[in-house]
Amino acid sequence: MNGRLSILFASLCLLSSMPLSAARDVLEEPVSLRAEADLIKAVALTLQHAITTSEQFQGSNPALRKFADREIKKNRSRLLKLGKRVPENIPPVRQLAIAPDNEQSYVRAMLRNHARLLELIEHGSGLPLSADIKRTMEALSSNANAERTFLYTMEKS
């Protein structure tokens, strides 16, 4: 019992010594995918992260501005659809690990976001999913892959 308390205390000390953004990075939080609802919640939080990142982006590149605006619009729509399947509200993301201060940081943040989304969908595909959620996840995966191609192009320019 004392060993467990020591580990808990050490963990709390470590978390309290981290910057807030590191301790609350939603894309790094562990996820347990045991049921469809777990997948929906994790994907919804990742979409919420993309919305927050895109809302905070203030870059001047017209292609990235258009991309950010589309991300906000599409992901809000997706969240509404997914929200009907999960009884609890998905909390807004306030802390970002990568603040989208410029074009380069926005591209990095969105590449990271899309990688997390694809990882969740891939792992969640092994769960028994309803037909509509399976279609939604396939569409999200296809879209995220296409967007990653665009983001890789923007990263190199």
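The buried residues of helix α4 pack against α3 (36-56), α5 (103-124) and α6 (131-156); buried means under 20% relative accessible area, exposed over 50% (1.4 Å probe, protein chains only). This is a predicted model, where local features need pLDDT of at least 70, side-chain atom pairs count only at pLDDT 80 or more, and totals for chains, interfaces and linings use all residues. Residues are numbered from 1 along each chain as its sequence is written, and side-chain values use heavy atoms, with hydrogens and water left out.

**Helix α4**
- α4 runs over residues 62-83, and its 22 residues reach 31 Å from first C-alpha to last, close to the 32 Å expected at 1.5 Å a residue.
- N61 caps the N-terminal end of this helix, with a side-chain oxygen 2.9 Å from the backbone nitrogen of A63.

**Two sides of α4**
- Tucked away as buried residues of α4 are L64, F67, A68, E71, I72, N75, L79 and L82.
- They sit on the same side of α4 because they cover an arc of only 140° around the axis.

**The cavity**
- There is 1 cavity of 30 Å³ or more; a cavity here is a set of points on a 1 Å grid over the protein atoms alone where a 1.4 Å probe fits but cannot get out.
- The largest cavity has a volume of about 60 Å³.
- Its lining residues (an atom within 4 Å of a point) include E71, N75 and R78.
- α3, α4, α5 and α6 each supply at least two lining residues, and the largest share, 4 residues, comes from α6.

Key
The expected span of a helix is 1.5 Å times one less than its number of residues. The arc is that of the directions from the helix axis to the C-beta atoms. Contact means heavy atoms within 4.5 Å. A polar contact is a pair of N or O atoms within 3.5 Å; within protein, one must be able to donate a hydrogen and the other to accept it, and residues adjacent in sequence count only if both atoms are side-chain atoms. On a 1 Å grid over the protein atoms alone, a cavity is a set of points where a 1.4 Å probe fits but cannot get out, and a pocket is an open set with protein on both sides within 12 Å along at least five of seven lines; lining residues have an atom within 4 Å of a point. Grid points are joined across faces, edges and corners, and a volume is the space filled by probe spheres set on the points.
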